[in-house]
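Colleague: Let's talk about pockets. Please take me through them one by one.

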Amino acid sequence: MNFGKKIEVFYDFFINHGAYNTVLLGLRNTCIIAVLGLIIGIVIGTILATIRVLPKNNIIVKILDKIAGLYVSLFRGTPIVVQLLVFYYVLMPLMSLHLNSVAVAVAVFGMNSGAYISEIMRAGILSVDPGQMEGGRAVGLSYSTTMMKIIIPQAVKNILPTLGNEFISLIKETSVVSFVGATDLYVAFNRIGSNSYEFMIPYIVMALIYIVLVVIISIFVKIMERSLRKSDKGM
């Protein structure tokens, strides 16, 4: 195995044939899908978690709780690639929607992440001392205001490392968006391998890029955790 020759072939296609443009596009799409998917997931997950911890005092709350439970079961019970295929090739034609593959991936990843984050957020909310809710209600705050201003911020602090893990999972799972025609890191490096008939170096470089992204996210999460601990000590 001539490793040096393999590197030369990869360099030739990456630089001289302009494959770096496809890699940059794939990296951009990977980050867009993961970041926007996480943001959508946090919004959906927070709403679902709040519904599921509400006191079941009336029929409306009970119905919403059942719907939230069904949503979580649906998205946690099917593979992300199946969700992508169903949304892109079944639901979009039925609803006459015209979205590009990246937008579809963002929507599906966001909805999928929302199901997982809802359970993470629910655990975070339940980990907050019940006295916090009682204290908020005692000073005249409504249930929703107490939840949004007191309970959820504390829950987010408790689940921050787990949210970081969810972000890392989203980064890695974007490799399946090629099923709906989106260009991500996997597609970019696979094209280099297919055109050069040499897959070893492209796949090694692809793996290294994923590792770098994960390390950056891990460092960012640790910085946020440290910052939150300092703010707690300063209170």
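Colleague: How much space lies in the second largest pocket?

Modeller: This is a predicted model; local features need pLDDT of at least 70, side-chain atom pairs count only at pLDDT 80 or more, and totals for chains, interfaces and linings use all residues. Residues are numbered from 1 along each chain as its sequence is written, and side-chain values use heavy atoms, without hydrogens and water. A pocket is an open set of points on a 1 Å grid over the protein atoms alone, where a 1.4 Å probe fits, with protein on both sides within 12 Å along at least five of seven lines. Its volume, the space filled by probe spheres set on the points, is about 180 Å³.

Colleague: Which helix supplies the largest share of the lining of the second largest pocket?

Modeller: Lining residues have an atom within 4 Å of a point; among them here are Val53, Asp129 and Tyr143. Helices are DSSP runs (H or I, at least four residues), numbered from the N terminus. H5 (101-127), H6 (130-138) and H7 each supply at least two lining residues. The largest share, three residues, comes from H7.

Colleague: How many charged residues (Asp, Glu, Lys and Arg) are in that lining?

Modeller: Nine of the lining residues are nonpolar and none is polar. The charged count is one.

Colleague: Which helix gives the most to the lining of the largest pocket?

Modeller: The largest pocket holds about 230 Å³ of space. Of its 13 lining residues, the closest to the centre include Leu38, Leu160 and Phe220. H2 (19-53), H7 (143-173) and H9 (200-234) each give two or more residues. With six residues, the one that gives the most is H9.

Conventions
Nonpolar A, V, L, I, M, F, W, Y, C, P; charged D, E, K, R; others polar.
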